[in-house]
Amino acid sequence: MILRAYRPEDLREMVELFYDTVHTVNAGDYTPEQLDAWADGVPDLEQWRRTLSEHTALVAVEGERIVGFGDMAPSGYLDRLYVHKDFQRRGVASALCGALEDAVAAERIVTHASITARPFFEGRGYRLVREQQVVRRGVVLRNYQMEKRRSGPAQNACY
């Protein structure tokens, strides 16, 4: 597996991975209605393009296939972190998250973690700030605002 910077031609594969991951990996923690509200299969591609170009965005590639991706705003907001269902628990999310944390100079990293992802972030030293009830397409979903404070300066890795 290699990590590399996001390229615009990656977008279609990334949104498919997002939809498939939400509807398989998160299915044990959310209802079908909640999964459809979270990922309805009709993403706003222009919004994705814009945020991915504004953030540090990385993809994990195995062969020619994207197996995971993540992006973080310069402010330290970890927006997305998704790993293909067949590549769970293989270090993909850890590699992506670590590289994103190193690439951004913010003193505090913040994310909104799903029920499924909360243990992953706790294992990386994030602490629970608060449980949230968010509304997507009229459906309530539970997630968690989590944060990680840095003990030293960011390394500002380049990709």
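Student: How many aromatic pairs does the count come to by the rule for rings?

Tutor: The model is predicted, so local features need pLDDT of at least 70 and side-chain atom pairs count only at pLDDT 80 or more, while totals for chains, interfaces and linings use all residues. Residues are numbered from 1 along each chain as its sequence is written, and side-chain values use heavy atoms, with hydrogens and water left out. The rule pairs rings of Phe, Tyr and Trp (its six-membered ring) if their centres lie within 6.5 Å, and calls planes under 30 degrees apart stacked, over 60 edge-to-face and the rest tilted; by this rule there are seven aromatic pairs.

Student: Why is the pair of Tyr 30 and Trp 38 called edge-to-face?

Tutor: Their ring centres are 5.3 Å apart and their planes stand at 75 degrees, so the pair is edge-to-face. Phe 121 and Tyr 126 also form an edge-to-face pair, with 5.0 Å from centre to centre and 70 degrees between the planes.

Student: What makes Phe 121 count as buried or exposed?

Tutor: Buried means under 20% relative accessible area, exposed over 50% and partly exposed in between, with a 1.4 Å probe and protein chains only. Phe 121 has a relative accessible area of 4%, and is therefore buried; Tyr 126, at 4% relative accessibility, counts as buried too.

Student: Where does Arg 90 lie relative to the ring of Phe 87?

Tutor: A charge sits over a ring if NZ of Lys or CZ of Arg is within 6 Å of the ring centre and within 35 degrees of the ring normal. Arg 90 lies over the face of Phe 87, at 4.8 Å from the ring centre, and Arg 118 lies over the face of Tyr 144, at 4.6 Å from the ring centre.

Student: Which residues do ring pairs link into a cluster?

Tutor: The cluster consists of Phe 18, Trp 48, Phe 69 and Tyr 82.
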